[in-house]
Amino acid sequence: MEKLYRAEIISNQSVQDDIVELLEQEIKNIQYTIIPDAQGKGMSSKKLGDTTWPEMNFILFTYVNEADAKKVSAIIKAVKARFPKEGISVFFTEGVQF
């Protein structure tokens with residue numbers, strides 16, 4: 001059985017297309033789920049989709065092997081370098097087996 005990792009990306013919607021494009025480009029046949037309108041508060045600001053806090057986040061999660069988990073990490077690092085103020089985070093859960 002191959003060990004899989006759950007990668008969960010939480011970010012401002014403004015960079016969603018950039019992230020998805022790179023994931024699809026770098027990881028052949030990637031499958032993912034996007035929750036498009038996520039409210040919350042990170043380290044720098046709230047994202048509530050209202051007049052006071054108009055921005056929203058999205059959540060993308062996918063299950064990938066170890067090599068692809070490293071690619072996800074590199075992709076997020078590259079996007080964060082281009083957009084350092086957009087609150088981009090990725091979290092991994094290790095050792096999910098199917």
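A: In this predicted model, the protein exposes about 6400 Å², and carbon and sulfur atoms supply 50% of that area; accessible areas come from the Shrake-Rupley method with a 1.4 Å probe, and for residues only the protein chains shown count as cover. Of the 98 residues, 31% count as buried, where buried means under 20% relative accessible area, exposed means over 50%, and partly exposed lies in between (1.4 Å probe, protein chains only).

The protein has two helices and six strands, and from the N terminus on these elements run β-α-β-β-β-β-α-β; helices (H or I, at least four residues) and strands (E, at least two) are DSSP runs, numbered from the N terminus. Among contacts between residues at least 6 apart in sequence, 73% join residues at least 24 apart, a contact being heavy atoms within 4.5 Å.

Against this background come the salt bridges, each defined as a side-chain nitrogen of Lys or Arg within 4 Å of a carboxyl oxygen of Asp or Glu, and by this rule the count comes to three. One of them joins the side chains of Asp18 and Arg82, with 3.0 Å from N to O. This pair links distant parts of the chain, since Asp18 lies in helix H1 (residues 16-26) and Arg82 in helix H2 (residues 66-82), 64 residues apart. Asp18 counts as partly exposed, because its relative accessibility is 22%.

Helix H2 also holds both Lys71 and Asp68, which are three residues apart, about one turn of the helix, and their side chains meet in a salt bridge at 3.7 Å, N to O. Asp68 is buried because its relative accessible area is 15%, whereas Lys71, at 36% relative accessibility, counts as partly exposed.

The side chains of Arg6 and Glu8 form a salt bridge as well, with 3.0 Å from N to O. Here Arg6 counts as partly exposed at 21% relative accessibility, and Glu8 is partly exposed too, with a relative accessible area of 22%.

As for how to read these values, residues are numbered from 1 along each chain as its sequence is written, and side-chain values use heavy atoms, with hydrogens and water left out. Because the model is predicted, local features need pLDDT of at least 70 and side-chain atom pairs count only at pLDDT 80 or more, while totals for chains, interfaces and linings use all residues.
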